[in-house]
Amino acid sequence: APELGDGREIRSVAFQQAPRVSVDDLVIEAAPPDETDPSVELAIGIRRRPNLVRSDEDSKKLITEYLRALTSAADDGREHRLALAVAGHQPHAEQLAELAVLARNQADVASFFSLVARPRYRQQLVGRLDQLRGLVSSALPSLGVAGPDDGTVRQRTWELLRSLWVLMLTVEGPDTSDW
């Protein structure tokens, strides 16, 4: 899986790992083929159809847990990554995935926001970034950041996007409505 990086192989799969990992629906540990100790931990939040807008309470909770995972990741020598798995292709998830790729390819927060502000990016993508910034802004006070300024919100949004992978899964079967 490309989300594990560097040809890593899965060493363990666990469900519901809170409080150790705040994004705990599925936690995968992986290591290069020639090593036994995991070098990466991928924490996956699984949502059927997330509505990634600042007014959605479930999305507020989800983004809060992602930010909590970023700030509380153990200093254990592992790389800690986050993922969001959704059912099928969805515009919000596709836009979030595109923003995450752009963030991973920028050296700093200023470069990322400058890039996305360029006219070549679709208005929907810029709008999704604004919605995500709103979600991050509303999450920060519950993480102890009182009255976050725009610079802090931009920094945390970029950090979240850099660590995030979006997985759009096609689920086949007789009934996936409760997924």
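Q: What makes two strands of this predicted model count as paired?
A: Two strands pair if DSSP finds at least two bridges between them. In this predicted model, strand 1 (residues 9–14) and strand 2 are joined by 5 bridges and run antiparallel, so they meet that condition; within this pairing, Ala-14 stands opposite Val-27 of strand 2.

Q: What makes strand 2 and strand 3 a pair, and in which sense do they run?
A: Between strand 2 and strand 3 (residues 40–46) there are 5 bridges, in the antiparallel sense, and because at least two are required, the two strands pair. Here Ile-28 has Leu-42 of strand 3 opposite.

Q: Why is strand 2 described as largely enclosed by the rest of the structure?
A: Of the 6 residues of strand 2 (residues 26–31), 6 are buried, so the strand is largely enclosed. Leu-26, Ile-28 and Ala-30 point one way, Val-27, Glu-29 and Ala-31 point the other way, and all are buried.

Q: Which strands are called edge strands, and why?
A: The open sheet has 5 strands in the order 1-2-3-4-5, with mixed pairing. Strand 1 and strand 5 (164–169) are its edge strands, as each pairs on one side only. Strand 5 is joined to strand 4 (residues 79–87) by 6 bridges in a parallel run, and Trp-165 is the bridge partner of Ala-83.

Q: How do you know that Arg-128 has no salt bridge?
A: Arg-128, in helix 4 (residues 123–139), is buried, and its nearest side chain of opposite charge, Asp-130, is 9.6 Å away.

Key:
Residues numbered from 1 in each chain as written. Predicted model: local features only at pLDDT ≥ 70, side-chain atom pairs only at ≥ 80, totals over all residues. Heavy atoms only, no water. Helix = DSSP H or I, 4+ residues; strand = E, 2+ residues; numbered from the N terminus. Buried < 20%, exposed > 50% of the residue type's maximum accessible area, 1.4 Å probe, protein only. Lys, Arg positive; Asp, Glu negative; His and termini not counted. Salt bridge = Lys/Arg side-chain N within 4 Å of Asp/Glu carboxyl O.
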